Structure formats: structure tokens, C-alpha cells
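Welcome! Have a look at the model below, then work through the exercises with me.

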Amino acid sequence: TGFSCSEAMTGDGSDYRGCQTRTASGILCQGWDTQDSPHNHSYTSANYPTDGLRANYCRNPRNASTIWCMTTNSDKRWEQCIPIGVVSPECT
């Protein structure tokens, strides 16, 4: 079956299955199944099979306060994300 994005999110975003691939500050997310490029981590689709860890989409596999991702910036391991189309509070 095909994958479709839904930017809907409730609570801490553990149900988020959208297609956001950038952090709140605009950094591109690292793929969940990518290791050492630039960060090594255990958040893989094999380790979290029900958390929707596809490609480099923002998710919340560890019960954080909201969706997040590992970043492609070697100086910043991870950062929170905002669903696509949602205006961040500092922009209103």
C-alpha cells in the first residue's frame, strides 16, 4: 500500500504521520535508518516498528513533548519540528 501524509497531530505528536523533513529552525532531518551521517542513534524503524519512522520525516518515537528528528547538522544532534502548514508561535 502507498504512503500518504497527514499533518494532523494531537498531544505530543506520537500520532503524527506527516511529511515534515525540516526542524523548526529549518535544518534538514537525517533519515531514521541512516547511521553515522552525521549521527549514530538507535531510533530506527526496526527498533520502533509502530512509530512510523519512514525516510527522514519528523516523528516522536520516544515520548518527547512534540515531534522531532535527528538533524543533518553535525553540531546539532536533534531538534523539534513543526508540522507543515502550522505557523510557529514566534511568527504570529
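Cys 29 has a relative accessible area of 3% and is buried (buried means under 20% relative accessible area, exposed over 50%, partly exposed in between, with a 1.4 Å probe and protein chains only). This is a predicted model, where local features need pLDDT of at least 70, side-chain atom pairs count only at pLDDT 80 or more, and totals for chains, interfaces and linings use all residues. Residues are numbered from 1 along each chain as its sequence is written, and side-chain values use heavy atoms, leaving out hydrogens and water.

**Exercise 1.** Find the disulfide of Cys 29 and its handedness.

Step 1: Apply the cut-off, a pair of cysteine sulfur atoms within 2.5 Å. Cys 29 pairs with Cys 69, the sulfur atoms being 2.0 Å apart.
Step 2: The S-S torsion of Cys 29 and Cys 69 is about -75°, so this disulfide is left-handed.

**Exercise 2.** Describe the disulfide between Cys 58 and Cys 81.

Step 1: The S to S distance of Cys 58 and Cys 81 is 2.1 Å.
Step 2: With a torsion of about -75°, the disulfide of Cys 58 and Cys 81 is left-handed.
Step 3: Both Cys 58 and Cys 81 are buried.

**Exercise 3.** Are Cys 5 and Cys 19 buried or partly exposed?

Step 1: Cys 5 and Cys 19 form a disulfide with sulfur atoms 1.3 Å apart.
Step 2: Cys 5 is partly exposed at 40% relative accessible area, while Cys 19 is buried at 17%.

**Exercise 4.** Write the pairing pattern of the bonded cysteines.

Step 1: The structure holds three disulfides.
Step 2: Numbered in sequence order, the bonded cysteines of the chain pair 1-2, 3-5, 4-6.
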